[in-house]
Amino acid sequence: MERRAAAEGLSSATLPEARRPAAPRGLSDRSFRTILGVLAAALPLMEAVVLVELLQGSLPALRTFGWHFLVGRTWDPVAEVFGALPFIIGTLLTSAVALVLAVPIAIGTAILLVEYATGWVREGLGFLVELLAAIPSIVYGLWGMVVVAPLMRAHVDPFIEASPLGWLPIFGRPLLGLSLLTAGVVLAIMILPIVASVAREALLMVPSEQREAGLALGLTRWETTRRVLLPYARAGVFSAIILGLGRAMGETMAVTMLVGNTPAVTLDLFQPGYSMSAVIANEFSEATTTLHVSSLFGVGLLLFLLSLVVNSMARMLLRGLSHAGTR
Amino acid sequence: MKHVLPLTLLFAACGEPTPPGQMSEKPPAPATTAESTKSGGKALNGAGASFPYPLLSKWSAVYHDDKGVQINYQSIGSGGGQKAILDKTVAFAGSDAPLPQDKWDLAQADGGIVHVPETLGAVVPVVHLPGVESLRLTGPVLAGIYRGTVTKWNDPAIAGLNPGIALPDHDIVVAHRSDGSGTTYVFTGYLAKVDPEWASAVGRDTSVNWPVGVGGKGNEGVSGVVSGNEDAIGYVELAYAALNHLQMVQLQNHDGNWVSPTMEGVSAAAAAAPDLPAGPASWTAVDITDEPGAQTWPIASFTYLLFYQDMGKAQGKRLSREDAEATLRFAWWAVHDGQQYGPALQYPALPAAVVTLDEQTLKGITWNGEPLLKD
Amino acid sequence: MGLRSRLRLLGDRLMLGACALALLIALVPLASILFKVVVQGAPALSWTFLTSLPRPPDETSGGFANAIVGTVLVVGLTALIGVPLGVGAGVYLAEYGDGLFGRTVRFLAEVLAGLPSIVAGIVGYSLVVVTTGHFSALAGGVALTFLFVPMTAITTQEALKMVPRTTREASLALGLGQASTAMRVALPSALGGVLTGIMLSVARVAGETAPLLFTAFNNSFWPTGPGQPTATLPVQIFVYAISPFESWRQQAWGGALMLLLLVLITNVAGRLFWARRRRFMQGH
């Protein structure tokens, strides 16, 4: 399938500019680059459109509340006082829970499928995992409400509470099944297929020479995976995680059905909370006053900015890892 | 914004004929002076509250089977509907709450918007208390529960209303709506009316800053919390409570009687309502909760269809005169013949006085100054 | 065998076990959800369901036919706009992505990948619905494109990046230019990954409700083209699922199952098609 070549690591994504003397065959390099550049420019354009839209919409709220919008804890549509802190915290907590739970499982799944499973088993199981991505978020929400939340309330939450983990401040007193934790758990399941599939693709593309070289040097399969393959596929795995994080932060429907929708500023995962996407989804269609609608736009803008910050940090982390690592 | 030209070119190519194999699509009625025609299967769009959606879908189906006119009403929320009509992206809107003052003022620039109540709704408190036959609560006590001042089921305030019933010494699990909704608007309106503390501390709106409780999304979210947790209380639409056999609460109405939610009780609230404003006036203050009457259910409300007072002036660029007239004919049909389909779907019928009011309003709607409905 | 070797082998076995456990953990919720969807949805799937327009809750002859067609229409529009943009951007990033423009585009794609679906809907509303004056399937397609393109661009880039450098160099050495190398050598080689990315994006946008609420709206009747509102599976599922009527809720599950099947079929068909083409291109 793949074209084999001598074993060599991949170091950069770009090639030296090709110098061709004669008439080009097919598309010329220049026009190729231009066309692609134009297509790629769609992304900054879309970004700009979203930003403009969000800014325009949130201006009234920002003008009214200023910095207080970011740190205010009260969200009162009647008194028209809007502060977004509870939602920021909720988004960060649920996304963190989702990543912490999903990433190890997703990568473990990907490794298993690529390294240890073969042929139709690999294809079939991989396919099943991708199927999870096809389930509409509302179905996740309904399933979460009917299956996961009662399970959490009846068994999982008390179990965690009773275990040594219960001493941590993030696990306070378990209440109902609707909580930051439950939402995080279902989010983890939702982002699992994305992270697993993309990580699997990244691992699949590692040339077999790398594996063979590792094994030839006497490493066990696991050691080969850990020391040769994962670093090689690092960028792809990182992308997988970023995509998963993006989905987790932006997920709307399932979260609103499971998180308890209570604007509380809390670190206790057992408590009902709220998230930025959830409050927008819940209140946008019904918000009637200009300030309310504008505040929701403001939350959208904050989510956008938060995404920028988180992604920048992740990028810096990756760069740091690259420099410190073997490559 | 900036993409109008290419988009309009794209749309010039639209308007294909209806696909083959379409069932029950009768050919459009022949053009008469009163009846309008539908060409190419294009529907008249209305958007708004999800509460009346099942009824409107019934009306749409019957009206289409009968007259071949496509009325496409979809639920995107009362706020969404209000926005859509102010943006003129729909022919009419549906809203559980009347237009708030600032939007009402905005609409004046286009000649104003009229309110046409087309059916009624009710909100019912529901509980999950095994072993308790029929719980009784008053408005003020209900407000106390939702304000967090009454925290246990065996609180004297509740026990006093329910002598002979053993109430558990457990914390009350309070559930409310997280999504903005007309149901919340009506419920908080009732609480504000019967409890001045509530009115000043929390107020009435489609979304409020709830002092206590957990937020469920939609009626099913609230009912999910209630059925999933003992000692829970929540509030849902009447249809939801009735069709899903939830444990309903009896309330004490304005006359002092203990009543269960019934459709007659809701219609009675509408009938007892003091003078309703004329269609084109502002309906911001209208509230039919806690109305007098022996069997009146205290938490009742209208739900409204919204039209522009002068559809030609406001929507002339987007809507044809025939379409506007067809929309009004549908509304006329809905408040008359359409009412018979309500009870089967748990929608109480409008009292005669309100129908008369609606007739006046509909007849008063104009197209560039001329009334649209001629008969 | 020394102790050290034994420990290493043990470690190997343990990690294999851990990965297997991970897979199991991943499959348990999948099984649970699929089970629920199938058990609840299968009874609703009937000929009537697949071919009829929606009917009011007190009638039994209703169906999701227009929603099925509508989803195909809207997702088709999204793919039509989104695949060229996403794959094109991905190829650009893989070939020329080290420059300032390239790095910026990549960063922006990652940020945009986290866009909440409802914001995409709001943008679609302002861009298309307000300017054209009515809801439409096209507006829905545009809104979903905002979710589709970033994800596709990132996955395409990653797939292309993993093509071995030596392969590209061999191609260049044979006299093919960068453009031809990319299109005829790298892209076919990475096709599996690119396709997976597209499928994931399709699956994701096919199931999104929030962006469609204010754009494609919904329709009790047949869609008459991209310029009119249309029913779609996620919206119809949503509206029916939150209603008080059991008959409608039943149909909502049927719709969920239908959506799953649709994505499955698209997935399988897409892979089969490209597998065949790849074999053809490789001269099998």
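The model is predicted, so local features need pLDDT of at least 70 and side-chain atom pairs count only at pLDDT 80 or more, while totals for chains, interfaces and linings use all residues. Residues are numbered from 1 along each chain as its sequence is written, and chains are lettered from A in the order in which they are written.

I begin with chains A and C. Here 93 residues of chain C are in contact with 90 residues of chain A; contact means that C-beta atoms, placed from the backbone, lie within 7 Å. Helix α1 of chain C, residues 3-41, supplies the largest share of the chain C side, 20 residues. Helices are DSSP runs of H or I with at least four residues. By class, that side of chain C holds 61 nonpolar, 20 polar and twelve charged residues.

Next come chains A and B. Their contact takes 25 residues from chain A and 29 residues from chain B. On the chain A side, α6(A) gives the most, with three residues.

Finally, I turn to the core. The largest nonpolar core has 313 residues, and those touching the most other members are A:Leu43, A:Leu192, A:Val195, A:Ala199 and C:Ala89. Such a core joins buried Ala, Val, Leu, Ile, Met, Phe, Trp, Tyr and Cys residues through C-beta atoms within 7 Å; buried means 20 or more other C-beta atoms within 10 Å of the residue's own. Helix α7 of chain A, residues 180-204, gives the most to this core, with 19 residues. Beyond its neighbours within four places in sequence, A:Ala199 is in contact with residues including A:Ala106, A:Gly236 and A:Ala240.

Terms used:
Contact = placed C-beta atoms within 7 Å. Helix = DSSP H or I, 4+ residues; strand = E, 2+ residues; numbered from the N terminus. Nonpolar A, V, L, I, M, F, W, Y, C, P; charged D, E, K, R; others polar. Buried ≥ 20, exposed ≤ 12 C-beta atoms within 10 Å, placed from the backbone.
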